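Please work through each task before reading its solution.

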Amino acid sequence: MEIVVCVKQSYDVQQIKFDPKTKEPILAGAPRKMSDMDRRALECALRIKENVGGSVRTVSLGTPETRDVVKEIYAMGADSAYLLTDLSLAKADPDITARLLAEMIKKSGDFNLILCGSASTDGYSWQVPAKISKLLNIPFLPNAISLEVDDTAVAECDLGDAIYKLKAPLPCVVSVSLEINEPRIPTLSAILKASRKQFHEFHIKDFEVDLTPELEVVSTRMPEVSRKNFMVDVSDASKLDEVKKVIDELRKENVL
Amino acid sequence: MRAGEIMEVMVYSESVKTFRELVSVGESLNADRVTGVFIGEEENAEEVRKYCDKLFFISSEDIGDYSPSEYSEAVYSAVKSSDPQILLVEGTAKGVPVASMVSVLVGEPCATEVMELSLSEGGLLVKRADLGGVAISEVKVGKKLFDKIASPKVVCIKPGFYPASDSERKGEMVRLKPEVKRRTEVVEIKRKERGEGFEDADVIVVAGRGVKKKEDLGMLEELAKLLGGVVGVTRPLSADLHWAPTWIGMSGIPVKPKLYVGVGVSGQIQHIAGIRNSKVIVAVNIDPNAPIFEHADYGIIGDLYQVVPKLIEILKE
Amino acid sequence: MDRILEYPKDPIVTFSKEEELWRSMVREFCQKYIEPKWIEVDIEAEKDPMNIPMDLIKKMGQQGLFCIPCSEEYGGQGGTYTMATIATEEIAYADPSVALAVYALLNNGWPYALELFGSHEVCQEILPEVAKGSAFFGIASTEPQGGSDVAGIRTKAEKKGDVYVFNGEKAYISGVGEVQKLPWGGGWFLIARTGEAGHKGLSAFAFLARKNGELKDGWIPTLYEDIGRHGLTTGGFIMDNFELESKYLIGEEGKGFYHVMEGFNLARIVVAAATVGAARWLLEKAVEWFRSRKLFGRNISSFQGVSFKFAELYARWEAARYFVYRASRLADKIYVEKDPSLNPKDLNIPVALAKNYGPETCVDLAEEVMKWYGAYAYTKEAPIFRAWLGPFSYVIGAEGAQNIMKVIIARDLIGKEFIK
């Protein structure tokens, strides 16, 4: 089974700081890590490989810092990693991303299964896996919480109001949800072996994709938080009656 | 065509309620015509047709149950049968894959996680959740609105951000039978227990990790009842512990009640992003440093197992 | 990674991308499995020292947190000593009672010493079990009459055919319970007298009290009730004509003193790392408190008596951390890179500095944090006292008394003959 996993190096959203005046995120130098759902997709691929044999390769694109994610990809156990890095990709929208990834997947070899995280931790568009499947003209199983693969892929897909058990022939694209598995934490010897491995690098010139984004971010801001912050401390149980103060305020605000 | 003028907005949804919300969006853009695509049962199609000028109906008997690729082909056939400049799709787990694929088929951009949509300088401007829900971005969608026939910009609107439209329209209906090659089989559909209607609730009490046992939700139900509301849970209590079929939060159900009470909720970014539009936020947590307190109008630092019974006692008086 | 405190930039103590990835993986593991349980471990083991956190030890073994610097041939991770130091710091940050951190540091430092000086056959037998978390391998040097005077050790090991027969007693030894309870068993890097009086008569042994699950005759253990760090057992044992096959001799007869001194240098680095990790937890607890606690209508940290003390202790923490990583990098240069311009004795002062400075900084910080918290810290509901009593074992003198560290520094700098 030849499995391709799309891996994005996202901003570590929990660690992003915001400028207190402008409320804009300070992205320069902000820490990055493998996108959470992509990590689960990679874990999913590795488990399938452990079961039925084959190989797991990853495709990733982004600015040059993306190269840092390769160590973790190899430490988890992927066989090979394919990268496309260029400064212009900082502005890549989901369409450009999907087109480039689809090309990288085709250029990097045969495939039976493509796994992706349903959405990236930072971009959060939820579009790329579906677009890849349409571009490659293969079926798409969205937001899987479980996956079984032999000559078909059978996934339980969490689609909001119901869990759909969907079955598609291979090759197909499956996007995975956070709930699908607990990814392994690599041991030190895996990390050490990983640093000796080479990865494959594409060049932006190798692709005939229009890099002008159709989605242009005009501004990004943390929304204003203007809450009352009326606090009552009843950690000392003898003061418990003070919660009445909150109820009185809520009555004044007419929400009770 | 004049810049800034929308001739036709097409909406696609599988639910009557979201369909009506999307029609409202079209109305807010002053569209001349609002058309719709509905895939499902005929009786529901009959229900939605009155909210649009023309409804393209594809019967689930013809196309089968939901599978994104096949449904995207069906929606595409409706787009081609008309000439929308904008296609509005429900911003849900089912809608977004379909929208993403239709955007590839028509060769136009698609914006998702959108909470607000407007026209500006002949183009589309959206406000969407970004950075995993922590921030809000203003994004320009596409360069020009009117360059090609049946080439709509696609926008996925999150449910609950627009009101359900009441307007009565022409209600013409056309049944389409597109030739769609089915490759994905729907083996089984397990409906989740009906959620409590969180999108409309006035009062929501949410249990977080501080609540130790599922049985303790009973105490929260009592509190919710006294407040006139419903009980929800945060993601880990649903996705990991399976105490409820779904959760309150950006990636689950975003809500905007009049009163939100978080009990033992620490305030993870995605949860906050999903409750941000609540009118009044009350938080109960034993940890004075819990991030939720920054976002709360009223914060109660204390043991929820003491605070909640006390609140119940006071409310009963 | 750093949520509460934004630590200042540092171009001196820097880590490679690999080391940072390793640290973030260890931290992920520790925050997921150890942090939620450390208090429970401390409480349960206080009730009964034999309530050893068996499944955590097993998980840590599976994650490759033991025998980090040992060869992969023996089930180790093939990493540097700095990698072991980073792991120890992170484990202590998740378990500031340092029970699991000490379990880890002992089962990194002493297996490595075994690999440096012991035979291939013995390494092959013991190390894979330690790496898995099935066996314990620590240090047994201290005796009832004293610990610091290693040259004065009395336990006798008499060679009779192909066994050594041991008679004597060891006291204040970590792991006496673990050796009895872990699936395979284990033992210690043990020093005993094979020859003349004084340091030249000492030999080192891989002393296995229990192997393959079977306890050997003539080993009589007792367990103590510690005041803190309950998750790791402390005890003593009597050797009554205990027989150990001669293959378990580490290195040569008469060289034991030198081997154990090198072993202590290595172990002390990770001891200091554990106290630095626990101290980091304490610093963050202090800052959390400062950001929420008010008195007299103002923030508690607006009182300079409080904030100045915090600044002083932070400075000491950074210094302690420098000493630790300076020593671990030097250890790597000596033992891993085998730099010919350096020799094991070059570690003496750097290690003594780290081991002297780290535990005291941690304990002083713990005391201050408890004072800032006030009465709450006096109750068992507050976890801070556990981070005070655990590291305190190293101020008292585990793995090397504080005054001995000072003797080493003075002696090596001024000259042995001038301090007699």
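**Exercise 1.** How many residues of chain A are in contact with how many residues of chain B? Determine also which elements of chain A supply the contact, and what classes of residue are found there.

*Solution.* The model is a predicted one. Step one: taking C-beta atoms within 7 Å as the criterion, 67 residues of chain A meet 70 residues of chain B. Step two: on the side of chain A, at least two residues each come from α4 (128-136), β9 (140-149), β10 (152-158), β11 (162-169), β14 (215-221), β15 (230-233) and α6 (243-252). Step three: β11(A) makes the largest contribution to this side, with 8 residues. Step four: sorted by class, the side of chain A comprises 37 nonpolar, 11 polar and 19 charged residues.

**Exercise 2.** Identify the strand of chain B that pairs with β11(A), and state the sense of the pairing.

*Solution.* The partner is β10 of chain B, residues 185-191. The two strands run antiparallel and are joined over 6 bridges. Within this pairing, A:Tyr164 has B:Ile189 of β10(B) as its bridge partner.

**Exercise 3.** Describe the contact between domain 2 and domain 3 of chain C.

*Solution.* First, locate the domains: chain C is divided into domain 1 (17-136), domain 2 (137-250) and domain 3 (256-419). The C-alpha centres of domains 2 and 3 of chain C are 28 Å apart. Next, count the residues: domain 2 of chain C gives 16 and domain 3 of chain C gives 14. On the domain 2 side, the elements giving two or more residues are β4 (185-193) and β5 (202-211) of chain C, and β5(C) gives the most, with 3 residues. Finally, this side has 9 nonpolar, 6 polar and 1 charged residues.

Technical notes. Residues are numbered from 1 along each chain as its sequence is written. Chains are lettered from A and ligands numbered from 1 in the order in which they are written. This is a predicted model: local features need pLDDT of at least 70, side-chain atom pairs count only at pLDDT 80 or more; totals for chains, interfaces and linings use all residues. Domain bounds come from an automatic or database domain assignment. Two residues are in contact if their C-beta atoms, placed from the backbone, lie within 7 Å. Helices (H or I, at least four residues) and strands (E, at least two) are DSSP runs, numbered from the N terminus. Ala, Val, Leu, Ile, Met, Phe, Trp, Tyr, Cys and Pro count as nonpolar, Asp, Glu, Lys and Arg as charged, and the others, Gly among them, as polar. Two strands pair if DSSP finds at least two bridges between them.
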